[in-house]
Amino acid sequence: MEGDNKDRLSRRKFLGGSAVLAAAAITPAVAGGKSQEQDRQQRKKDVSGDTKTGINERELGPQNPAAEQTEEESVFPPGTDAGGQPPFKYPFALAHRRIEEGGWTRQVTVRDLPISKKVAGVEMRLIRGGVRELHWHVGAEWAYMTAGTARITCVDHKGRGFVEDVNKGDLWLFPGGFPHSIQGVGDDGCQFLLVFNDGNFNEFQTFLLTDWMHHTPDSVLAKNFQVSEDVFRNVPERELFIFPRDLPRPLEEEKREVEAGNGAPPDSFAFFASKMQPTKVSPGGSVKIVDSHNFPATTIAAAIVTLKPGGLRELHWHPNEDEWQYYVTGHARMTVFSAGGHARTMDFHAGDVGYIEQSMPHYIENMGNEDCVFLEVFPTREYQDISLAEWLAHTPSRLVNQHIATGEDFVRAIPRNEIVIRPK
């Protein structure tokens, strides 16, 4: 199945490539032959200097230096930006943390980031032995392990039990309505990202085992299980949610236990992306694409992107769904263009969430000195994108030149074969 993904990817340039040349060709040069970035850096110097140059950009009133230092793309936007684009970023650091004895959690939903109508995200940390209570919810749950090791369980609609251990860089997918649990089993427990195909999802309003049983009469529970009411006298009076317990039994022992009778689900709910070879590698970085072609159980597609310093995720858009992003490491900037001549650039750092509505073109550029790793997540089974370079390369060169006046030689020279990430 991984080969299928490579075949699909080879029909387009996923990252970088000659889109960089195209961008240079259609972006007006600034005075004196400087690049846009050189011009912006000069503007920053002028603002902080003693000369009258840059006086129009100086701030005389209250300032937030810490925020402005990390949000340079908003304070000194590129000359190509044009107003009217709503914010498409929200840091998890601003989200309220609910702290329990067994760990903590926080969420970013449409209530925090209004543009994020179709997807919500949750960060969770579990101590060693910490349990995210047996529960379920309406939407599907896609997860990415950011640290440690977790033991996950799930039961499907035919009573088939699943249990597995996942490590940093691995994924899982629990279909909507399927009950499941998560427990930290690493030396320092675990931490992970959860993504839901519902922007209005609320991590604090899921269907919990203890909460349901507490709100069901003991007489009904006894009749349901054909046991004495005394069996349920110790059911907690409030939800457990995230709580510490002993470590689970050995994995193989628990697998035999949960699979007895009905067997295991036909498709694993876990995907070991940490062991997956990149779908494509280039001098500028790499990408792993995980969707239903190589992870049959998933209803949520994703790309795990690594940009080396200066690397560019090429100019592109996604024709089939909105894109929800999570930045794992590094510092990047992203510009999103929308119809009507609106464009906005924003900075992104580890722990930030980004959101791009369906078919809006954008790019991501690594602005730091270390690798930038980020996730592209889509509420759909199949990953799709269209790059600017691919579009131009497969359109008649005369027609393209009549639009952007680069000369037909430039258009004909755009590579038709895939170049994943363009290096610095």
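Of the contacts in the protein with a separation of 6 or more, 77% are accounted for by residues 24 or more positions apart, a contact being defined by heavy atoms within 4.5 Å. The structure is a predicted model, in which local features need pLDDT of at least 70, side-chain atom pairs count only at pLDDT 80 or more, and totals for chains, interfaces and linings use all residues. Residues are numbered from 1 along each chain as its sequence is written, and side-chain values use heavy atoms, with hydrogens and water left out.

The secondary structure comprises 11 helices and 24 strands; helices (H or I, at least four residues) and strands (E, at least two) are DSSP runs, numbered from the N terminus. Among the 424 residues of the protein, 49% are buried, where buried denotes under 20% relative accessible area, exposed over 50%, and partly exposed the range in between (1.4 Å probe, protein chains only). The protein exposes about 20200 Å², of which carbon and sulfur atoms supply 52%.

A search of the whole structure finds 20 salt bridges, each defined as a side-chain nitrogen of Lys or Arg within 4 Å of a carboxyl oxygen of Asp or Glu. One of them joins arginine 333 to glutamate 73, with the closest N and O atoms 3.5 Å apart. Because arginine 333 belongs to strand 19 (residues 331-338) and glutamate 73 to helix 5 (residues 72-75), this pair ties together parts that are 260 residues apart in sequence. Both arginine 333 and glutamate 73 are buried.

A further salt bridge is formed by the side chains of glutamate 376 and arginine 313, at 3.0 Å from N to O. Glutamate 376 lies in strand 23 (residues 372-378) and arginine 313 in strand 17, so the pair connects parts 63 residues apart in sequence. Glutamate 376 is buried, with a relative accessible area of 0%, and arginine 313 is likewise buried at 0%. Both residues are also among the contacts of histidine 318, which occupies the loop between strand 17 (312-317) and strand 18 (323-329). Histidine 318 counts as buried because its relative accessibility is 2%. Beyond its neighbours within four places in sequence, histidine 318 has contacts that include Glu323, Gln358, Ser359, His362, Phe378 and Asp385.

Within helix 11 (residues 408-413), glutamate 408 and arginine 412 are 4 residues apart and therefore separated by about one helical turn. Their side chains meet in a salt bridge of 2.9 Å, N to O. Glutamate 408 is partly exposed at 22% relative accessible area, whereas arginine 412 is exposed at 53%.

Rings of Phe, Tyr and Trp (its six-membered ring) pair if their centres lie within 6.5 Å; planes under 30 degrees apart count as stacked, over 60 as edge-to-face and the rest as tilted. By this rule the count comes to 17 aromatic pairs. The rings of phenylalanine 92 and tyrosine 326 form an edge-to-face pair, because their centres are 5.9 Å apart and their planes stand at 70°. This pair links distant parts of the chain, 234 residues apart: phenylalanine 92 in the loop between strand 1 (89-91) and strand 2 (98-100), and tyrosine 326 in strand 18. Phenylalanine 92 and tyrosine 326 are both buried. Elsewhere, ring pairs link Phe162, Trp172, Phe174, Phe178, Phe192 and Phe269 into a cluster.

In helix 8 (residues 251-259), Leu251, Glu254 and Lys255 are buried. Viewed down the helix axis, the buried residues of helix 8 fall within an arc of 105° and so line one face of the helix; the arc is that of the directions from the helix axis to the C-beta atoms. These buried residues pack against strand 6 (141-155) and strand 7 (161-167), while Arg256 and Glu257 are exposed on the other side of helix 8.

Glycine 177 is placed in the loop between strand 8 (171-174) and strand 9 (180-184) and is partly exposed, with a relative accessible area of 37%. Apart from its neighbours within four places in sequence, glycine 177 contacts Trp136, His137 and Val138.

Technical notes:
Areas by Shrake-Rupley, 256 points an atom, 1.4 Å probe, with all protein chains shown as cover.
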